[in-house]
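These are my notebook entries on one model. I record below what I looked up, element by element.

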Amino acid sequence: MAKNMRKINIFLIAGARPNYVKVAALWKAYLQFRKKRPKSRVTCRLINTGQHYDYMMSKAFFKDLDLPAPYVDLGVGSDSHASQTAKIMSRFEKLLVKKRPDLVIVVGDVNSTMACTLVASKMEIPVAHVEAGLRSFDRTMPEEINRLVTDALADYLFTTSKDADLNLLREGVSKNKIHFVGNVMVDTLLTHLPKSKKSGIKKELGLNGSYAVLTLHRPSNVDRDSDFRRIADALERIQKHIPIVFPVHPRTAARLRSGSLNGHLGSLKNLKMVPPVGYLDFIHLLKDAKLVLTDSGGIQEETTVLGVPCLTLRANTERPVTMAQGTNILAGMGPRVADYALRILEGKIKRKKKVPPRWDGKTAPRNFQVLSKKLGF
């Protein structure tokens, strides 16, 4: 059989909301690849683990991102890290035994990423990790453990920045496995930015002038009231100067219901606590924000591309390129958050927009170019 006629079956894994954004770019690149090379016998199938959402609960998100219904939804659901990982592994193993793909592509750093990598690796199925090499050097973060395990086992490591390459090399990874391709999240952002302009979310929320956007979900910020209160105190100061839109993550909402801060945050007149919004609505909010406060990794990247000032409410970040070249400032979780925010609002801190190399909207096609060459499809 001719090399370009080799039959290849790929499983593309998603499990949580940030995964869908990355997978959307890869799915689009796969469709473009098939269109350009119709004789290629590569088939890509989307597998949803259901780590955060099952398909029926997230259909609007799939629609926003132009994703197809999953080939299989494992329907794992929320649980403790150990139980969730075990469920994913058990259900994914049964799928691999039945269908056995030629390659498994995982993205990001959630439990689904590590669990599916472990199963595929033990079954001697090659794994490609998109967004490899990111390191916070903080092993109290579950995501850091997931990143380390996944990168140690994966066969193809696709990186977003040169510092990620260096991290992998320091860990003894062969340079032949490392491929600096860029950032797939940026592909999705740039693709959907024009469509997001049609969003009516600002009118719906009554935003007529300047505003800030806040997201919070990490255990280190929301699991203990003492930690959450430090951030709440900073928000109280900031909202006196600018309205803050706060789409409340389900995890954070659960913590607020069980903790003591719900009433305090609810009393802040300029803090708009709203349910989670769709991808297009959220991008619309981000692009016009005066300031973004977040503990998310992906939002650090999106604000860098959009040129919006971002304060990361963490003690560390696995995305230092957003600080060195972008608009991101590592603000911690205490009084400095409000200090930084007010200085930005007063125009005393200005971060020049500089988009990192290969964050150009063409990353996912580069992924498929590498895989096509390596696997012969």
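Across which strands does helix H17 (residues 363-375) lie? I found that H17 lies across S1, S4, S5, S6 and S7, running at about 160 degrees to S6. Axes are lines fitted to C-alpha atoms, for helices over the stretch in contact, and angles run from 0 to 180 degrees between N-to-C directions. Helices (H or I, at least four residues) and strands (E, at least two) are DSSP runs, numbered from the N terminus.

I noted that this is a predicted model, in which local features need pLDDT of at least 70, side-chain atom pairs count only at pLDDT 80 or more, and totals for chains, interfaces and linings use all residues. Residues are numbered from 1 along each chain as its sequence is written, and side-chain values use heavy atoms, with hydrogens and water left out.

Entry on the sheet. I read an open sheet of seven strands, ordered S3-S2-S1-S4-S5-S6-S7, with parallel pairing; two strands pair if DSSP finds at least two bridges between them. Strand S3 (72-73) and strand S7 (178-180) each have a single partner strand, so one side of each is left without a neighbour in the sheet.

Entry on Thr-160. I located Thr-160 in the loop between strand S6 (156-159) and helix H6 (162-170). Thr-160 counts as buried because its relative accessibility is 4%; buried means under 20% relative accessible area, exposed over 50%, partly exposed in between (1.4 Å probe, protein chains only). Beyond neighbours within four places in sequence, its contacts include Glu-131, Phe-180 and Trp-359, contact meaning heavy atoms within 4.5 Å.

Entry on S8. I saw that strand S8 (residues 212-215) is covered on both faces. Val-213 stands opposite Val-245 in S9 and opposite Val-292 in S11.
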